[in-house]
Amino acid sequence: MAVSEHPVGIDALLERVREGLDRVGPREAHDAALAGEALLVDIRYAALRERDGLIPGALVVERNELEWRLDPRGSHRAPEATSHDLRIVVICNEGYASSLAAASLHGLGLHRATDLAGGFQAWRAEGLPVTTPA
């Protein structure tokens, strides 16, 4: 993301970032993951995962590690980070931080990265699979 000469508020930044994303809803993300067409990446912090559970099959990556773990050229990449063409759906708790994270992945050349509108809470509200916390 380019540095602006004029400060911008977070709401304006979020709106600008989302214009460049093809955001998906819970059902579309679920279906794409089941079909092997998308990698779901859960960036929620541990306390939220422990409280609310996990999406089965989602790769859990702390937000502060996201770019290092998903850069296909990176020395610390996750095994799932195989290509810049990989479709990645970033999931946070409510769909705000994930938009900014997906935009950051675009900066690495992961042009198909997007996020889940409404985040984990929308996924759960849709009745999609969630593992319950221990």
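Which residues touch the most other members of the largest nonpolar core? The legends below take this up. The model is predicted, so local features need pLDDT of at least 70 and side-chain atom pairs count only at pLDDT 80 or more, while totals for chains, interfaces and linings use all residues. Residues are numbered from 1 along each chain as its sequence is written, and side-chain values use heavy atoms, with hydrogens and water left out.

**View 1. The largest nonpolar core has 21 residues.** Val41, Ile43, Leu66, Leu70, Ile88, Val90 and Leu105 touch the most other members. Such a core is a set of buried Ala, Val, Leu, Ile, Met, Phe, Trp, Tyr and Cys residues joined through side-chain atoms within 4.5 Å; buried means under 20% relative accessible area (1.4 Å probe, protein chains only). At least two residues each come from β1 (39-42), α4 (66-70), β3 (88-91) and α5 (97-107). Helices (H or I, at least four residues) and strands (E, at least two) are DSSP runs, numbered from the N terminus.

**View 2. Helix α2 (residues 26-34) has buried residues Pro26, Ala29, His30 and Ala32.** Seen down the helix axis, the buried residues of α2 fall within an arc of 165° (taken from the directions from the axis to the C-beta atoms), so they line one face. Their cover includes β1, β3 and α6 (119-125), where contact means heavy atoms within 4.5 Å.

**View 3. Four strands form an open sheet in the order β2-β1-β3-β4, with parallel pairing.** Strands pair if DSSP finds at least two bridges between them. At the edges are β2 (59-60) and β4 (114-115), each pairing on one side only. Val89 stands opposite Thr114 in β4.

Definitions and conventions: Buried < 20%, exposed > 50% of the residue type's maximum accessible area, 1.4 Å probe, protein only.
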